[in-house]
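Here are my notes for you, point by point. Keep the viewer open while you read.

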Number of protein chains: 2
Amino acid sequence: MIDETQRVKDWELLAQFSQAYRTLSDAFMEQITMHRAQATVLCKLFMQDGLTQSEIAQQLAVQGATVTDMLQRMEENKLVTRRRDPEDNRLVRVYLTEEGRKRERAITEQFLKLESHIFEAFDEHERAQLRHLLTRMLHNMTSER
Amino acid sequence: MIDETQRVKDWELLAQFSQAYRTLSDAFMEQITMHRAQATVLCKLFMQDGLTQSEIAQQLAVQGATVTDMLQRMEENKLVTRRRDPEDNRLVRVYLTEEGRKRERAITEQFLKLESHIFEAFDEHERAQLRHLLTRMLHNMTSER
DNA sequence: CCCTAATCATTAGTACCCTAACGATATATC
DNA sequence: GATATATCGTTAGGGTACTAATGATTAGGG
């Protein structure tokens, strides 16, 4: 008989990991005076400027209301500007400011540092293995039904 | 040359996973009218009643202030009671109420459901592999320096 | 015994994330 | 063209998380 009261359940491990990832990335971003979620939004804009708010919400897998709040703070801090799309007035398109664009290097470097910290002592085979497992779990978690 | 602009970076995968886990567990807990973090606290108390707040903070890997807020809400909702430890008056010990204890079955079942949803189509070997990789990352993430 | 340092919990302020309800705009159907 | 439906963003309210500052209690060193 395995002692059920002692064994760490898998969901506990996932919860711990999820929490630890956020805490650590908060700490890394704080080193360059950024917030985790805001840095992530900027990363999306580095790849493609002028995304709509709902596109950002979808890419971050958060609700639209969350994005509204975040972008309001980011606009106050002059990291982005927001303009209605003239083609479709429902859409709000988000653009990097000069100030936002200036942070590209620091942010991408910091995310790479975070990555190498987390994968300390991992070889490429193990990273590939992990990618595969995470991708499958992600599929299970986000698929309908 | 690999096209760096296309490949999903590992930190993005970790961030996605972390977000998806929270969203999904929020959804599962919402089905039984509970909040993710509060359910986790109750689980710790199911294992060991009368934990102090700092012990709970350590087990959840969050700051003490976070636990204070959570437990105040949980006490208002009659899920737990809090009493100062007579041996050491700095400590606040947290105890399950009858109401809190009543939720044990529903909560543990719901976490198991969550687990089997996430690990759909995983065999035991793959789960063991994942446990190993996650544990090592967790170690990298939480170790000093 | 007193003073200092350590530990524990709380408060205040901020950011992130959710749901629910709502207003504005665009599209589809008649 | 008018009405119905869908989409997009905002607001309001609540839960989860952080840091920094504070107060209360305990433990240690002289």
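1. Let's start with a term: a salt bridge is a side-chain nitrogen of Lys or Arg within 4 Å of a carboxyl oxygen of Asp or Glu. One such pair joins the side chains of D10(B) and R131(A), at 2.8 Å from N to O. Between chain B and chain A the count is eight salt bridges.

2. A word on the ground rules. This is a predicted model, where local features need pLDDT of at least 70 and side-chain atom pairs count only at pLDDT 80 or more, while totals for chains, interfaces and linings use all residues. Residues are numbered from 1 along each chain as its sequence is written, chains are lettered from A in the order in which they are written, and side-chain values use heavy atoms, with hydrogens and water left out.

3. How many residues does each chain bring to the contact? Chain B brings 48 and chain A brings 46, where contact means heavy atoms within 4.5 Å. About 5,000 Å² is buried between them, with carbon and sulfur atoms giving 66%; buried area is the accessible area (1.4 Å probe) that two parts lose on being put together, summed over both. W11(B), F17(B) and M141(B) supply 16% of what chain B buries against chain A, more than any other three residues.

4. Now look at T52(A), in strand β1 (residues 51-52) of chain A; strands here are DSSP runs (E, at least two residues), numbered from the N terminus. T52(A) has a relative accessible area of 4%, so it is buried (under 20%, 1.4 Å probe, protein chains only). Leaving aside neighbours within four places in sequence, T52(A) touches L91(A), V92(A) and R93(A).

Terms used. Helices (H or I, at least four residues) and strands (E, at least two) are DSSP runs, numbered from the N terminus. Buried means under 20% relative accessible area, exposed over 50%, partly exposed in between (1.4 Å probe, protein chains only).
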